[in-house]
Amino acid sequence: TCALPICAAAQVTKPDAAKRETIHSAPIPTPDGKAMLFGVFARDQWHIDAVVLATGERSTVVERALFPLLATSDRLYFYRDNTVLVAPFDPARLRVTGDAVRVLDSLQAGEGGNPLFDVSKSGVMVYPATSAVNRLVWVSRAGVEQPMNDVPRNYATPRISPDGTRVIVQASGLWIQDLAR
């Protein structure tokens, strides 16, 4: 346990120079908290790895992909070639168990090449319509876009609250959008 503000940090991963890894990013824990998925940039290409926290054992989960998201324990969303895909995922074995399916095409990346989307536990996705000054939209499972507000900003890294009632988004600072309004 940790009594803030005196928590000790522990390094979980370190880029492997022998594999020409330069960046580890976008970590997300598995539902049981025993492992973590994260993006790895190596040899001019991204892939998604898993690390078992107790042992440090690593394995590659998805090639040519970045920005892993686990909206539900058995669905892994990720970004590849300006496209968001989802694949069945076994969190106990830390592996994809079937073919990936396209969810969203032509998603623009934000600053640093990071994709700008998030997925709620119920499978609803939020993303900005473009990476320029834009409006935040809510997208139903049927693909219907609904504006969340009418304020144009340069939105980035939207995240849905665990209870699905709010979105926090970066736009020259952090903003919280109440979804009930």
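Which residue forms a salt bridge with Asp81? The partner is Arg64, and the closest N and O atoms of the two are 2.4 Å apart.

## About the model

This is a predicted model, in which local features need pLDDT of at least 70 and side-chain atom pairs count only at pLDDT 80 or more, while totals for chains, interfaces and linings use all residues. Residues are numbered from 1 along each chain as its sequence is written, and side-chain values use heavy atoms, with hydrogens and water left out.

## Salt bridges

Across the whole structure there are 5 salt bridges (a side-chain nitrogen of Lys or Arg within 4 Å of a carboxyl oxygen of Asp or Glu). Let's return to the opening pair, Asp81 and Arg64. Asp81 sits in the loop between β6 (75-80) and β7, and Arg64 in the loop between β4 and β5 (66-72), so their contact ties together parts that are 17 residues apart in sequence. Strands here are DSSP runs of E with at least two residues, numbered from the N terminus. Asp81 is exposed at 58% relative accessible area, whereas Arg64, at 40%, is partly exposed. For these words, buried means under 20% relative accessible area, exposed over 50%, and partly exposed in between (1.4 Å probe, protein chains only).

Another of these bridges joins Glu21 and Arg58, at 2.6 Å from N to O. Glu21 belongs to strand β1 (residues 21-29) and Arg58 to strand β4 (residues 58-63), so this pair links parts 37 residues apart in sequence. Glu21 is buried, with 7% relative accessibility, and Arg58 is partly exposed at 26%. Through shared partners, salt bridges join Glu21, Asp49 and Arg58 into one network.

## An aromatic pair

The structure holds 2 aromatic pairs (rings of Phe, Tyr and Trp, the last by its six-membered ring, with centres within 6.5 Å; planes under 30 degrees apart count as stacked, over 60 as edge-to-face and the rest as tilted). One of them is the tilted pair of Phe41 and Trp46, with 5.2 Å centre to centre and 55° between the planes. Phe41 is partly exposed, at 21% relative accessible area.

## Out on the surface

Ile168, Leu174 and Ile176 make up a nonpolar surface patch with about 310 Å² of accessible area together. Leu174 is found in strand β16 (residues 174-178) and is exposed, with 66% relative accessibility. In such a patch, each residue has over 30% relative accessible area and no salt bridge, and nonpolar side chains (Val, Leu, Ile, Met, Phe, Trp, Tyr) are joined within 5 Å.

Note on methods: Patches are made of residues with over 30% relative accessible area and no salt bridge: like charges are joined within 9 Å, nonpolar side chains (Val, Leu, Ile, Met, Phe, Trp, Tyr) within 5 Å. Accessible areas come from the Shrake-Rupley method with a 1.4 Å probe; for residues, only the protein chains shown count as cover. Helices (H or I, at least four residues) and strands (E, at least two) are DSSP runs, numbered from the N terminus.
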